[in-house]
Amino acid sequence: MKAALLHELGGPLAIEDRPQPRPSAGEVLVRVRACGIDGTDLKLLDGFGYAPELPFIMGHEIAGEVAAVGAGVSDFAPGDRVAVYNFLTCGGCVFCRTFREQLCLRMRGIVGVLDVAGGYAECVCLPARQLIALPEGVSFVDGATCCDAGMTAIHAVERSGARLGDRVLVIGIGGVGSIVTQLLAAAGVEALAADIDAAKAEWALRQGAGIFLSEAGDDLVTRVQDLSAGIGVDRVIDVVGLESTMAAGFASLRRGGRMVVVGYTPEPFPLSGKELAQNEKEVVGARAGRRDDLRRCLELYASGALRSIVRQTYALDAVNEALAHLRAGVRGRIVLTFD
C-alpha cells in the first residue's frame with residue numbers, strides 16, 4: 001500500500017510503498033477514503049505535544065470502508081462505511097468507566113498521533129471497537145472531520161456550559177471553531193467569532209456567528225467590552241491556545257464566566273489569582289472528545305444540523321502541499337482523499 005511517512009521532525013513526509021497490514025483477531029482492516037489534517041499534525045511535525053517513534057504514519061481523522069475483518073469480529077463486514085475513534089483506551093480505569101475515556105490512565109496509543117499508524121495511508125488496521133458506523137448520507141470527507149474537529153467541538157461546547165441566551169466568544173475560526181460556532185448558533189447562543197485573519201469574516205458569519213472580530217489582544221478585549229456594555233461575555237472557547245489569546249479571553253469574561261481552553265501551544269498562561277477569585281471566573285480544559293461525541297457528531301451531520309467545513313481536498317501524493325496550506329492558514333478543514 002502507499003503511505004506518507006514522517007522520518008525526521010521538521011522534514012517533509014515521504015511517499016513510500018509499505019506492506020499492507022492484515023487484521024488479527026478482533027481487528028478490522030479499513031480502506032481509507034478520507035483523512036483530515038489539522039493542527040495536531042503540525043505539532044507532530046514540529047516535535048511538540050507528542051513524540052511517536054519514527055518513521056511514523058500520521059493521520060487521526062479517518063473515514064473509510066471495511067476491507068477485511070479478523071477472527072471474532074461480528075459487528076462489521078467488508079464494505080461497511082466507518083469512522084475511526086482515535087483514542088485506544090483501556091476500558092477499565094476510572095475515566096473510562098465514567099465516560100471520560102479521552103483521559104484514560106492506561107492509554108495504549110492514539111491513531112495517527114502516538115504508537116498507532118494512522119490514515120496517511122491507503123489502509124489502516126485497528127481494533128474493531130475503534131470503529132463507528134458512518135451514516136448513509138454523510139460523505140467520507142465530512143465523516144473524517146467528525147473524528148477530531150467535530151467531536152472536539154461538541155465536547156468543548158458541553159464543557160462551556162453555554163445556555164440559551166448566552167453570549168460566547170469563540171477565538172480561532174478554523175475547523176474546530178467553525179463547528180463550535182455552528183453548534184452555538186443552533187442552540188440559540190450568540191457567537192462572537194474572533195480571528196486575526198480578517199478574510200475569515202464571511203466564513204464565520206456563514207457558520208452562524210452574530211459578529212466577527214478581527215482584533216487581538218487588548219484591542220479584542222476593548223471591542224468585547226464595548227459590545228457588552230462593559231460586562232463581558234458569558235463564555236469563551238479558545239481554540240488557539242496562545243498566551244495572548246488566553247489572556248484576552250480571560251479578560252473578556254464577565255464575572256462568574258467560564259473560559260474553555262481547547263487549543264494549546266508551548267506558551268504558558270500567567271493567571272491572576274485575584275481576578276480569578278474575586279470575580280469567580282473559571283478556566284477549564286477540553287481534550288478532544290469522547291466516543292459518544294463522535295457518534296453524536298455523525299448523527300448531526302446525517303440530520304443536516306451540521307454543515308460541511310471542508311474547504312479543499314488533496315491526494316495523498318500532495319500531502320506536503322496540504323500541510324503547507326494548513327500552516328499558512330485555512331478556513332474550515334483540509335482533507336486528504338483516496339480514490
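Guide: Happy to! Let's begin with Glu-61, which is buried, at a relative accessible area of 0% (buried means under 20% relative accessible area, exposed over 50%, partly exposed in between, with a 1.4 Å probe and protein chains only). This is a predicted model, where local features need pLDDT of at least 70, side-chain atom pairs count only at pLDDT 80 or more, and totals for chains, interfaces and linings use all residues. Residues are numbered from 1 along each chain as its sequence is written, and side-chain values use heavy atoms, leaving out hydrogens and water.

The partner of Glu-61 is Arg-333: their side chains form a salt bridge, 2.7 Å from N to O (that is, a side-chain nitrogen of Lys or Arg within 4 Å of a carboxyl oxygen of Asp or Glu). Arg-333 belongs to strand S18 (residues 333–337) and Glu-61 to strand S4 (residues 61–69), so the pair ties together parts 272 residues apart in sequence. Helices (H or I, at least four residues) and strands (E, at least two) are DSSP runs, numbered from the N terminus. Arg-333 is buried too, at 6% relative accessibility.

Next, Asp-195 and Lys-200 pair up with their closest N and O atoms 3.2 Å apart, and both residues are buried.

Now look at helix H8 (residues 291–303), where Asp-292 and Arg-295 sit three residues apart, about one turn of the helix. Their salt bridge spans 2.3 Å, N to O. Asp-292 is partly exposed at 35%, and Arg-295 is partly exposed at 32%. Across the whole structure, a search finds 19 salt bridges.
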